[in-house]
Amino acid sequence: MKTNIMNEQSPLYKIFTVLMFVVSFVYFGVFRFFVVPSGDDYFWWGPSGTYLLHHMFYGPQATYGGSSNGRYIGNTLEIFTMHNLWLAILMYAIFWTLLLWGFWELSGPTFLSLVLSFLFVFTLQDGFLNNILVWNAGFINYVPPVAMILVYIWMVDTNKDKKPSRIIPLCTLILAYVIGLFTETLTIASIVLGVLVILYFNKKTKAFHITYLVGAIASAITMFMHPGYHEHNLYHTTTFNLSEIWLNYSKITHFWLITFNLALLVGLLLAIVLLAVQSDFSILKKISITLISLVFLAYYIGINIYLKQLKLNYMYGYTKFNTNLANIEGIISLLLVTFIGYCIFIFFKTDAKMWLYFLMTGVIMGQLLFVSAPINCRGNFETYVFMYLIAMRFVIAAAKNIKFRNLFTGLLSLTLIVVGAGYMNVMNTNYKVNSVRVQDPKFYTGKASVNRYVPYRKFIWVNDLKSQQAPAYWKEYFNIK
């Protein structure tokens, strides 16, 4: 009798999953080798980074601005990984693989969830790709902490009905403290997560829930005691003006939160349609949910086609955008979020993790609404992580009872292989072109910037602006005297 790899209980499946995560580790390690640093990477690699490292990341605002902050672990890792390629490769391989493992475990360790987890990276909108996937500074500050948050949620989930090991409270104390020293948004979100877990378990709260919250609070105190947050800083500004908040949301941030995440929206909305059709709801309710889903789907496919005609700046936002269209877009994005919440209520009412993902998306995005400068897409990467978990749950539930589930999973697997190979080819091509252009003598003497762009510009931060390459780094990298 043949063993079916789709059977999650089979030894073959278990061996296959281990192999997949080994392949992931190797893939991301090689991927990081090909990453071309840009912009801030050289700031942290150079004398500025050295100064800040030796002064607890505090320096004159006029010189260091937003880099004078309490991101102690994120900043330190950025400096060390820029000075040691092997460490950079190791960090990149570990935390991308850990993030994908978190998706898989939290979504139910099935073959379909495994494939969907590995597809995550290749569904990233261009802004996240450019600012997180192919930029060391972006990766190091945003991927490790959110990956560790998923680890904590997994620990809570796996220990909800059993007595945890005695060492777990210490582990969660350290875990929470480390998570909070990367970015301000996740520092606060981590505290909220700790509170939500304790409120949910109420009288069944366990020691490791409490130690996580203690670690998160201690981390926040450590971060926000940094003197950089108590001085006037033009780089980091906030606003409580409702008109300005709506303007920023409608013209800039909602695109990263909703509109540009087309792959996720297509999967999520089609899954809702399937679930509605498969449900025992009344005919009227089935038709209503299906029509609303299809209207949203048609709208977002259409608006993305339209937006392709408009030019994005190098930070993946629109410098100018029609105010009336922006208002409509912003309102529709809020309606979609409301609809997703309603669908969670009718399909996954008792699924605590789904509500947690939904709330965490709101907690993170809620903080970003008050930021008036700098506004960039990086913070929304963390909201995308939780939205992807929601979408995965919908897709897995919808696929559970369809006859062609194995075919569907097979097609997704083929897509994963093709797109993964394509991304690696792009990175390799850019690396080779960059290796030639940064060895131009004129570039080293400061008489000229790099003499050409790489073939795939969005795979280098800020679309490979020539001014963002540093001669000193490449001279040392290639050991040129």
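The paragraphs that follow take up the helix pair and then the pockets of this predicted model.

Helix α17, spanning residues 352–368, and helix α18, spanning residues 380–399, have axes that come within 9 Å and cross at roughly 160 degrees. Since angles over 145 degrees count as roughly antiparallel, α17 and α18 are therefore roughly antiparallel to each other, and α17 passes α18 in a left-handed crossing. On the α17 side the contact includes M354, Y357, F358 and I364, while α18 contributes, among others, F386, M387, I390 and F394. By class, the contact of α17 with α18 has 12 nonpolar, three polar and two charged residues.

Both helices also reach the largest pocket, where α17 and α18 are among the elements that each supply at least two residues of the lining, along with α2, α9, α11, β1 and β2. The largest pocket has a volume of about 1000 Å³, and of its 41 lining residues the closest to the centre are R71, E184, Y235, H236 and P374. The largest share of this lining, four residues, comes from α9, and by class the lining divides into 16 nonpolar, 19 polar and six charged residues.

Helix α14 gives the most to the lining, with eight residues, and the lining of the second largest pocket has 21 nonpolar, three polar and no charged residues.

Terms used. Residues numbered from 1 in each chain as written. Predicted model: local features only at pLDDT ≥ 70, side-chain atom pairs only at ≥ 80, totals over all residues. Heavy atoms only, no water. Axes fitted to C-alpha atoms, helices over the stretch in contact; angles between N-to-C directions. Parallel < 35°, antiparallel > 145°, perpendicular 65-115°, else oblique. Left-handed = near helix turned anticlockwise from the far one by under 90°. Contact = heavy atoms within 4.5 Å. Nonpolar A, V, L, I, M, F, W, Y, C, P; charged D, E, K, R; others polar. 1 Å grid on protein atoms, 1.4 Å probe; cavity = no way out; pocket = protein on both sides within 12 Å on 5 of 7 lines; lining within 4 Å. Points joined across faces, edges and corners; volume = space filled by probe spheres on them.
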